[in-house]
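This briefing sets out selected features of the structure shown here. Please read it alongside the sequence and the coordinates.

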Amino acid sequence: MDGRGVVPTLSSNDVETAAQLILQAYSPTMNLSLEDQKRLQGKLFEAQKRPEAWGLVIPFLQHPDPNVQFFGAHTIQVKITRDWETLPPGDPLRFRDLVLDLTTYSIFAGQSRSVLRKLFVAITAIALKLSVNRPPVWPNWIVFSINRFSGRNISTGNILDFLAIVAEEAETTELLPNQKSALKESTSQAVPVVMQAVMSAIGQRSTLPSQQFESALRCFAAWMSSIPASDITPAIPSLISLLEPTSGPPPAFDESLFIPASDALQELMTHPPFYDGSGSKTLTEPLLIWIEKWGSAIIGASIQSGFVDSVSHSFCKLLVALGEQSTSYFATNITSRATISPTGPTKSYLVQAYLRALLSYTGLPGYAGLDEDESEMTLAFWYLFQESLWTADYHPDFDEDGTGQSGLEGEQATVTQALYRELVQILRRKVVWPSDSSWPRDQCEKFQVYRRDVGDTLINAYYILRSDLTSYYVTDAIERLKAGPDQKEWDEIEATLHCLTSIQEASPIEDNADLRRLFSSEILGLFPKTGCARVRRTTIVLIGSHASWFTTQPQNPTNSPTPLMHSIQYVVEALSEPSLCLPAANALRSLCDANRTALGPHLHAFGALHASLANIPDTERSKVLQSISSVIQALPPEDEIGPVETIVNPIITRLFEALQMSSRLPEDARHLAIQQLQALTGVAKGLTRVSDSLLVIDGSAEALEETERVNRAREDARMIGLRNLLMQAITSTVEFWSTDASVGDTLSEFVKAMTSLPSDMTLISLPSGPLLKIVCLAAQKQLTGAWLSLISMLVIQLDPPSLLPPRFKTTNEEAQMVMSQILPGLLQDSLIFLGQPGVMENNPDIVQGFFSCMESFVNHFVSSFHHLPPELFNSLMQCAIASLGLQERYSMVAGCAFISAILHKTSSQDELAEARSTLISNFGHGIVHGILCGLAGVAPRSVIQNLITLLVWLLTRVPGESRIWARDALFGSDFVQCKADNEAKEKFLTALSQLSVVPISSGFSRVEQDDCLRSSKGSTKRVKDAANQFALVARGLEGSGFGYGATQL
């Protein structure tokens, strides 16, 4: 095949050398190491990028080795898509003809389907280059290609495969709106050809090879979004007819017909106009008639044989697809007495037949994920159906003769409740674990996922059955418990308890007689306390999930045992067992947190639990301490002092022991210190009254009185001494282990738990100022994202939120003093670290954390930055400007946000007027240069809008200087190399000069400036559009769908 004058001609030696690389890289006999394979693939990739690689295509496709053939087809696809501009100059239609001829050659040579697919994609890529602009170079390209292939006697099956790929590529290719219109025109011209081929294949199905028939329906499915509904509707009866059995009785189905037809119908339901439930007369009802007639035969055969064959699996998929498409139809007609024809069955009969079929797959015998996969496929329908039942409009339905009867709501409720009762019974059976638990780990995990999905489905069933569902599961569990269960029966009980746990999320927090029975001493005493690990674990999880329900139970003034105490006792007894301690500790924490007040009178019972802490695994001890602390918090603040001292002092003692042994046994000491810090964190969390103190600003008299009582208790000498010890311990811990990652993470959690806003102070809360100094010292030793995040949080604690507007807030002199002490040192060490070559590029998490931290400082203490030594502040701003050129998105956005924050905060405070002028005059030019380099290609496309917003801010505040800086940057020798020529740069500068602005020095009042800024929104949008356009031009994306999509986003 002659490609001279179209693609480069390479010497046979060059071609053979490249072919040998492919054979070495992909031959199974070479046994290459991973490194050698990557090296060879790298060489191939580099060779493929060269302009001469066009010349590899023809000899590679003519090579006898399939790997070389595939690489040749892959190369032409890649070159057309990515390197089209490197194609040798000439008539592009000659290149088109060459690719069509190569495809014809490869088909007749019997090359693999993967090679042919690559070539079909290449043809489509050429067409998208030549046919989507006006006027098109290759008009009507789809029909042209079909005629070309037909004229070369290419089989219909291959042409259908080509058409399927054309549709797939047209669907996924990003194009401009006008290009999409041109592509739609081309596909519309080909629709008659596609439909003729599909309908011909369906009509000749008995004589066609199965592969050609499958290609026809696969092509039909791929073209679905391009074919008008008027052309699709006539094909639906033919598709449904393909589902009919080919022999019987008993009915036998031909999978070569059934599966492609089922797949096509499923695809049909996901496209307009059918995807939203439309087309009930043409699609839903004919399918329901077929399902009522033949569905039970398919399901019955699967149940009888114990095996779901390919036809049955495809039928299940069809049921699920129909369920998703016609859920509203089913909900509306579940009790409808209307018929679909004068002599036909009622709609309700057909709907209920469908529901029985789907329910049969939901309840297939065997274990989900092991014996069958179909039951899990059906679960999503029951959620959609429940939602539709709530929103369905039960209007009167009319028969074909015009008469009608309305489906009564009472009847509808009766039918749906009966349906969901059967469903929940089936699902309870399906989640039973096998008595022989010898499954491999991956199978166990898969079954756990299935059980969680069933739990989600049960929540929807609860919305239909309400308390009847709770009563059913509780009664089932109690009856089985009273029967004296064996091991197999315990597995049944565990399944019931799992279902009961799953529906707790949807249950209202109110008294429930069934739950009172379940958690009574009589029934709870029947549960095992030794062995039976799975049922005990599920029982514990069930108790923990109902922690809030126990708050509905009356408190017992006689302090006699209650259901709550019985449940806690059951949970506590499992804490010492390694396999159960995790769920037990979690459940205890939930119970104590939700029922603090009710448990207060029983605090003595927790004394025994505290005494037995040594028997509880280290990993869960902090949760137990948090549970005990939650109960202590319910006491009056002055009564908390003794218990707090009792549980905290031993922990501090152990922490100091760890510090003392750090030089002798460093690893043991580190492990012990982490345990004690976790324990202290648990205590602090337990003593906290609210979960999100940043959202709580309670100024009621009762809250103020409670805060005052806490403050008085904090002044007790014992609490002051305890907090001093805590501060000493954390200071020493930071000195010893601040560079250790595990200790650092634990310290971070500890500090978060130990600090609070004034409204949420506990007896052991530590002041944020001293802690901030300690954490800053740790960050100066080793800068990490964790320390920087913690510093940001402490800065907010140091300047807590206020209901007053910012301009009326009084300055916190103590906080300002803390800032003056910590900020210079933190900045100096951080900037030294970040200033090292490659550090900012290789540590995006630290860069993001650093600038986010600096943004927090700016938002709360902006004046502190303007009191820094000039050289230090200059280094910070230069570092921020440098971040505008980073490739990692989040670090670059954080740097941009910091610059925006310091500009805005400095400009918004009148007392910083001089600092504002200095800031803009010293760094405005560098900021604008960084922004424009970022727009031109240095920064990732996803951050272009951040850069544009910052540019617009500068243009509206300092318009004259910003335009001068922009011109200097764009035409400077140090501007980044890009594809924007001088004309594009001038056009961009012209757009910048058209922005309506309010100079800072105009003498306008702030109100007048704000009014003017609001009136300039239109010109601001034009500048943003111009900046977006410049970014596309500079990056070589102008006129591309890829660039257009990014701009729209």
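The model is a predicted one. Its largest nonpolar core has 329 residues, and helices α43 and α44 pack at an angle of about 155°.

**Packing of α43 and α44**

- Two packed helices are described by the angle between their axes and the distance between the axes.
- Helix α43 spans residues 889-908 and helix α44 spans residues 913-938; their axes are 10 Å apart and form an angle of about 155°.
- Because angles over 145 degrees count as roughly antiparallel, α43 and α44 are described as roughly antiparallel to each other.
- The crossing in which α43 passes α44 is left-handed.
- On the α43 side, the contact is made by I899, I902, L903, T906 and S907, which meet A915, R916, L919, I920 and I927 of α44.
- By class, the residues of this contact comprise 7 nonpolar, 2 polar and 1 charged.

**Nonpolar cores**

- Within the largest nonpolar core, of 329 residues, those with the most contacts are F95, W223, M854, F857, F865, F898 and L935.
- The greatest contribution to this core comes from helix α6 (residues 113-130), which supplies 12 residues.
- Neighbours within four places in sequence aside, F95 is in contact with V6, V7, W54, I76, I80, W84, L87 and I126.
- Another core, of 13 residues, lies apart from the largest one, and its members include V15, L21, L40 and F60.

**A buried loop residue**

- T688 occupies the loop between α33 (666-687) and α34 (701-714).
- The relative accessible area of T688 is 17%, so T688 is classed as buried, the cut-off being under 20%.
- Beyond its neighbours within four places in sequence, T688 is in contact with R596, D760 and T762.

**Backbone geometry in loops**

- Most residues other than glycine have a negative phi, and most peptide bonds are trans.
- P272 and P273 are joined by a cis peptide bond, with omega of about 0°; P273 is located in the loop between α13 (255-268) and α14 (280-305).
- N153, which is not a glycine, has a positive phi of about 60° and lies in the loop between α7 (141-151) and α8 (156-172).
- With a relative accessibility of 63%, N153 counts as exposed.
- C532, also not a glycine, has a positive phi of about 45° and is found in the loop between α25 (521-524) and α26 (533-545).
- With a relative accessibility of 27%, C532 counts as partly exposed.

Technical notes: Residues numbered from 1 in each chain as written. Predicted model: local features only at pLDDT ≥ 70, side-chain atom pairs only at ≥ 80, totals over all residues. Heavy atoms only, no water. Axes fitted to C-alpha atoms, helices over the stretch in contact; angles between N-to-C directions. Helix = DSSP H or I, 4+ residues; strand = E, 2+ residues; numbered from the N terminus. Parallel < 35°, antiparallel > 145°, perpendicular 65-115°, else oblique. Left-handed = near helix turned anticlockwise from the far one by under 90°. Contact = heavy atoms within 4.5 Å. Nonpolar A, V, L, I, M, F, W, Y, C, P; charged D, E, K, R; others polar. Core = buried A, V, L, I, M, F, W, Y, C linked by side-chain atoms within 4.5 Å. Buried < 20%, exposed > 50% of the residue type's maximum accessible area, 1.4 Å probe, protein only.
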